[in-house]
Amino acid sequence: MDINLLNKLERNAKLTTKELAVFLNQSEQDVAASVAKMEKDGIICGYHTLINWEKTDKECVSALIEVKVTPARGQGFDKIAERIYRFDEVQAVYLMSGGYDLTVIIEGKTMKDIAIFVTSKLAPLESVLSTATHFVLKKYKDHGRILHDGSQEDERMVVSP
Amino acid sequence: MSSFVTDKVKNMPASGIRKFFDVAAEMKDIISLGVGEPDFFTPWNVREEAIYSLERRRTAYTSNAGHPALREAICEYMRTRFQLKYSAKEEIIVTVGVSEAIDIALRAVINPGDEVLIIEPCYVSYRACVILAGGVPVTVPTDEENNFRVQAEDIRSRITPRTKAIMLCYPNNPTGAIMERDDLEKICTVLRDHEDILVISDEVYAELTYTDENKHISIATMPGMYERTLVLNGFSKAFAMTGWRLGYACGPAELIAGMVKIHQYVIMCAPTTAQIAGIEALKNGLEGVQKMRDEYNDRRRLMVESFREIGISCFEPLGAFYLFPSIKKTGLTSEDFCTRMLMEKRLAVVPGTAFGECGEGFIRCSYAYSVEELKEAVQRIKDFVLHSTDFHGGIV
């Protein structure tokens, strides 16, 4: 497993096999084989594009929901987590330490969509004890990338010693 | 009208880069591989510390030699990174960039007519600073054949009874060359026969070497060299802090005391905000350095590979963030090549001759740019060398 390769791909999934080979000082065949193997092993789970939807016309709302649940005997939190993460509108589910059990990140077109999901799908689940829904008002930084960073123009002089 | 400027200053040529910059700066839509500074921003923790210091009104002078906490941090850094032990009180001075350190070191050691060996190609200020200090610069050329590593014999043959100091810069700007232990040992053998020659070692690119086998070795760690070596280093390259103007010199207490004397009269102290930022950089910045180094290394590989693909010969640089490819096959001089690249392809690269006569036939390309910019730049060079048929039949 090549951590360096993974780090590079995580930051920029568009790098070509040839570029990766140059960066890593490996042959293109070796890089292609490593990537293929890690895809097969489920280490590389997908290639995504980070989009700042706020700059588009698309209507979309996201929320972070704190969920308290009763773990199932013998299965802990996994069973109830699965009941939740299988919904398509759910983007992420994390088991948490601290004051509540699961963080559920959900996306919908409108706040109403999310309200419907919480009241008709999530809250009624038998093991769910309580939910607290926090709507995202603005994303400043996502996946390590600052989304509103103003001008990134190169202010250096054209030539310097 | 009478002229107020001294002959010495009048006769000093303006930096070769400067001339080129003036032309390039006027042009629109050009891309550049011409800068000698990182494209990264100063890490946020460092900037944030500086902002906080201003909020707390830490805006007074520091002691002449530098903020004591910064000198302590430098002392610790030099010990852990480069195995060099200095007294924070007596053997370290904080300067306004390495540039100032070069100037005051030379002024502190040169008597009129003293000779200083300068290994070329090199940073543009060495020669000028020697002249301004009343000394005589003596060029020691290096060549591609020896990977731009200075050869012991070339040093020996230029030593005279007037030789006062030798200036080294490895990892090197503009070539990206480094010196391995064997190379250093060979020149130390020569220098040990001349104990009265001071070594001034500009190690500002020390953090930027790219293979495990080639980690930077300071000449001051070589046997018998510590007592006679002044090590210069700074924050510009490693921590992406060029505009802060922060450097330092470490060496024999007597020499540092002499430098502090000049420094206190002409500078007073390095900027306080920069010094506070420097403390944070040394304490919590080394991980950031590693990230930048990894990124530079990717680009370095990309550039060496790209130049080789288009048939431009380029020795593999193992340090700094420059490539120094040969453009001799085009039959053009460095200056003609760079002027035409600028005019015809709107790409700024620096003629090797800006760094000394032996830079003729080479150009300096910095890879402190994003991969996208580098690829575009390579494409333009490729277009130029492959499709310009008016010189020497192209390059391949």
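Predicted model: local features only at pLDDT ≥ 70, side-chain atom pairs only at ≥ 80, totals over all residues.
User: How many of the residues in chain B are called buried, and what is the test?

Analyst: The test is 20 or more other C-beta atoms within 10 Å of the residue's own. Buried residues are 49% of the 396 in chain B.

User: How far apart in sequence are the residues that contacts in chain B join?

Analyst: Take the contacts between residues at least 6 apart in sequence. Of these, 75% join residues at least 24 apart.

User: What makes a set of residues in this model a nonpolar core, and which members of the largest one touch the most others?

Analyst: The members must be buried, belong to the nonpolar types listed for a core, and be joined through C-beta atoms within 7 Å. The largest such core has 125 residues, and B:Ala105, B:Met167 and B:Ala249 touch the most other members. Helix H5 (residues 97-109) of chain B gives the most to this core, with 7 residues.

User: How do you know where this core lies relative to the domains of chain B?

Analyst: Look at who contributes. Domain 1 (7-42 + 287-386) and domain 2 (44-285) of chain B both give residues to the core, so it lies between them. Apart from this core lies another, of 16 residues, including A:Ile84 and A:Val118.

User: Which residues does B:Ala249 touch?

Analyst: Leave out residues up to four places away in sequence. Among the rest, B:Ala249 touches B:Ile93, B:Ala101, B:Ala105, B:Leu230 and B:Met259, to name some. Each of these pairs has C-beta atoms within 7 Å.

User: What makes up the side of chain B that touches chain A?

Analyst: 21 residues of chain B are in contact with 10 residues of chain A. Helix H2 (16-26) and helix H11 (286-309) of chain B each supply at least two residues of that side. H2(B) gives the most, with 5 residues. By type, the side divides into 12 nonpolar, 4 polar and 5 charged residues.

User: Which domains does chain A have, and how far apart are their centres?

Analyst: The domain assignment gives domain 1 (3-40) and domain 2 (53-138) of chain A. Their C-alpha centres lie 34 Å apart.

Methods: Residues numbered from 1 in each chain as written. Chains lettered and ligands numbered in written order. Buried ≥ 20, exposed ≤ 12 C-beta atoms within 10 Å, placed from the backbone. Contact = placed C-beta atoms within 7 Å. Helix = DSSP H or I, 4+ residues; strand = E, 2+ residues; numbered from the N terminus. Domains from an automatic or database assignment. Nonpolar A, V, L, I, M, F, W, Y, C, P; charged D, E, K, R; others polar.
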